[in-house]
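Colleague: Please put the model up, and I will ask about it residue by residue.

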Amino acid sequence: MSLFFETRRVVALAIALAFACDFAQADAGTWRIGTDDDGLVTASVHATNKLITGGGALSYSPILTIACRPDSQPRWTEWLQLNDTVSANRKITMSVTVDGDNKFDESWLVGPRGRMLVRDGADGIKRLAAANRLQLSWRFGLLSGRGQADFDLAGVDEAVSQLAGSCNAAMP
């Protein structure tokens, strides 16, 4: 009988920790800065929304990463990290909305295993540096529906400035 109550306490603690971690990730204004072994400098932020996967059993927040490569071309890159795969092979059309009113379509490359959508070039980073909010929308496949990720870009100008300084690059 005490094992039953002990198990319930452990489950309750696990649920409380899961909610605490979820709230910690909800602070989308927090950019995580990092450097890879090959010198790639990155800044990443979680989406403010969740995507449902696995028949509704799991959910996750996509991650937007901006990066610069010192002394390399292309110097600036942005990518969207997903847990689900998209069915496109090479390119996907991404619907982009900046600050709720500037909407346009772009072509993004499909990365390894279809779980990363990538776009190179300083123009994408430049539009983010002055923005407050970014919404991305894409099709997972012909019959799979659409995915959408919303990002609160608070602090992006400081993140881009830090990346530019680390890469000895001009601000986009």
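Colleague: Leaving aside its neighbours within four places in sequence, which residues is leucine 80 in contact with?

Modeller: First, the ground rules: this is a predicted model, in which local features need pLDDT of at least 70 and side-chain atom pairs count only at pLDDT 80 or more, while totals for chains, interfaces and linings use all residues. Residues are numbered from 1 along each chain as its sequence is written, and side-chain values use heavy atoms, with hydrogens and water left out. Contact means heavy atoms within 4.5 Å. With neighbours within four places in sequence set aside, the contacts of leucine 80 are Pro62, Ile63, Leu64, Met94, Trp108, Arg115, Met116, Leu117, Leu136, Trp138, Ala149 and Phe151.

Colleague: How many residues does the largest nonpolar core have?

Modeller: A nonpolar core is a set of buried Ala, Val, Leu, Ile, Met, Phe, Trp, Tyr and Cys residues joined through side-chain atoms within 4.5 Å. Buried means under 20% relative accessible area, exposed over 50%, and partly exposed in between, with a 1.4 Å probe and protein chains only. Leu80, Leu117, Trp138 and Phe151 have the most contacts inside the largest core, and its residue count is 38. The largest share of this core comes from H3, with 6 residues.

Colleague: Is leucine 117 buried or exposed?

Modeller: Leucine 117 is found in strand E9. Residues up to four places away in sequence not counted, leucine 117 touches Glu78, Trp79, Leu80, Leu82, Val86, Ile92, Met94, Trp108, Leu109, Val110 and Trp138. Its relative accessible area is 0%, so leucine 117 is buried.

Colleague: What are the counts of helices and strands in the protein?

Modeller: Helices (H or I, at least four residues) and strands (E, at least two) are DSSP runs, numbered from the N terminus. Along the sequence the pattern reads α-β-β-β-β-β-β-β-β-β-α-β-β-α. The totals are 3 helices and 11 strands.

Colleague: At what angle do the axes of helix H2 and helix H3 cross?

Modeller: Axes are lines fitted to C-alpha atoms, for helices over the stretch in contact, and angles run from 0 to 180 degrees between N-to-C directions. The axes of H2 (residues 122-129) and H3 (residues 156-167) come within 8 Å of each other, and the crossing angle is roughly 140°.

Colleague: And which word describes how H2 and H3 are set to each other?

Modeller: Angles under 35 degrees count as roughly parallel, over 145 as roughly antiparallel, 65 to 115 as roughly perpendicular and the rest as oblique. H2 and H3 are therefore oblique.

Colleague: Which residues in H3 do Ile125, Leu128 and Ala129 in H2 meet?

Modeller: Ala, Val, Leu, Ile, Met, Phe, Trp, Tyr, Cys and Pro count as nonpolar, Asp, Glu, Lys and Arg as charged, and the others, Gly among them, as polar. The residues of the contact of H2 with H3 divide into 5 nonpolar, no polar and 1 charged. The H3 residues that Ile125, Leu128 and Ala129 meet are Val156, Asp157 and Val160.

Colleague: Which cysteines form a disulfide, and what is its handedness?

Modeller: A disulfide is a pair of cysteine sulfur atoms within 2.5 Å, and a search of the whole structure finds 1. The partners are cysteine 68 and cysteine 167, with sulfur atoms 1.8 Å apart. Cysteine 68 lies in strand E5 (residues 63-68) and cysteine 167 in helix H3, so the pair ties together parts that are 99 residues apart in sequence. The torsion about the S-S bond of cysteine 68 and cysteine 167 is about 85°, so the disulfide is right-handed.

Colleague: What is the C-alpha separation of alanine 67 and glutamate 78?

Modeller: Alanine 67 lies in strand E5 and is buried, with a relative accessible area of 0%. Along the chain, alanine 67 and glutamate 78 are 11 residues apart, and their C-alpha atoms are separated by 6.1 Å.

Colleague: Is arginine 113 buried or exposed?

Modeller: Most residues other than glycine have a negative phi. Phi of arginine 113 is near 55°, a positive value. Arginine 113 is found in the loop between strand E8 (102-110) and strand E9 (116-120). At 71% relative accessibility, arginine 113 counts as exposed.

Colleague: Where is asparagine 168, which has a positive phi near 55°?

Modeller: Asparagine 168 is a residue other than glycine with a positive phi. At 71% relative accessibility, asparagine 168 counts as exposed. Its place is in the segment after H3.
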